[in-house]
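The following exercises concern the structure shown below. Each task is followed by a solution worked in steps.

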Amino acid sequence: MSEKDELLSLHDDEQKHETNLSFKTLLISLLTFAIVLCFFLPKIYIANQIYYISREITEISNQRDTLLEENRALKSQLENLKYSITILNPLSQ
């Protein structure tokens with residue numbers, strides 16, 4: 001049983017031994033993190049820019065539609081005024 005106890009004590013000693021992060025592992029993880037940031041930060045920036053530009057396009061499009069509708073209404077009023085001038089003026093003379 002002494003061999004068994006000896007193996008168990010060696011195993012326990014090995015389990016108690018702490019392994020810290022080595023410099024090489026830390027450097028690899030930081031380098032990996034930097035590479036991932038280099039790939040994803042431009043994508044995030046571009047996606048945000050597209051979002052804000054599309055909001056501006058939508059706002060300008062809504063303003064354009066409103067102005068077109070006002071233009072139609074003004075043209076209709078102009079036609080009504082032209083009609084009243086051409087019809088009513090000859091009759092009043």
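**Exercise 1.** Determine whether L31 counts as buried, partly exposed or exposed.

*Solution.* The model is a predicted one. Step 1: the relative accessibility of L31 is 52%. Step 2: the class "exposed" requires a value over 50%. Step 4: as to its setting, L31 belongs to helix α2, which covers residues 23–92. Step 5: L31 also contributes to a nonpolar surface patch of about 900 Å², whose other members include F33, I35, F39 and I44.

**Exercise 2.** State how many salt bridges are counted, and describe the pair formed by E69 and R72.

*Solution.* Step 1: the criterion is a side-chain nitrogen of Lys or Arg within 4 Å of a carboxyl oxygen of Asp or Glu. Step 2: the count under this criterion is two. Step 3: one of these joins E69 to R72, with an N to O distance of 2.9 Å. Step 4: both residues lie in helix α2, three residues apart, which is about one turn of the helix. Step 5: E69 has a relative accessible area of 47% and is partly exposed, whereas R72, at 52%, is exposed. Step 6: a salt bridge also links the side chains of R64 and D65, at 3.4 Å from N to O; D65 is partly exposed, with a relative accessible area of 39%.

**Exercise 3.** Find what separation the C-alpha atoms of N62 and L30 have, and characterise the overall form of the protein.

*Solution.* Step 1: N62 lies in helix α2 and is partly exposed, its relative accessible area being 46%. Step 2: N62 and L30 are 32 residues apart along the chain, and their C-alpha atoms are separated by 48 Å. Step 3: the secondary structure of the protein consists of two helices and zero strands. Step 4: the radius of gyration is 40 Å, while a compact globule of 93 residues would have a value near 12 Å. Step 5: the C-alpha trace spans about 135 × 30 × 10 Å along its principal axes. Step 6: of the 93 residues, 0% count as buried.

Definitions and conventions:
Residues numbered from 1 in each chain as written. Predicted model: local features only at pLDDT ≥ 70, side-chain atom pairs only at ≥ 80, totals over all residues. Heavy atoms only, no water. Patch = residues over 30% accessible without salt bridge, like charges linked within 9 Å, V, L, I, M, F, W, Y side chains within 5 Å. Areas by Shrake-Rupley, 256 points an atom, 1.4 Å probe, with all protein chains shown as cover. Helix = DSSP H or I, 4+ residues; strand = E, 2+ residues; numbered from the N terminus. Buried < 20%, exposed > 50% of the residue type's maximum accessible area, 1.4 Å probe, protein only. Rg over C-alpha atoms; globule rule 2.2 N^0.38 Å.
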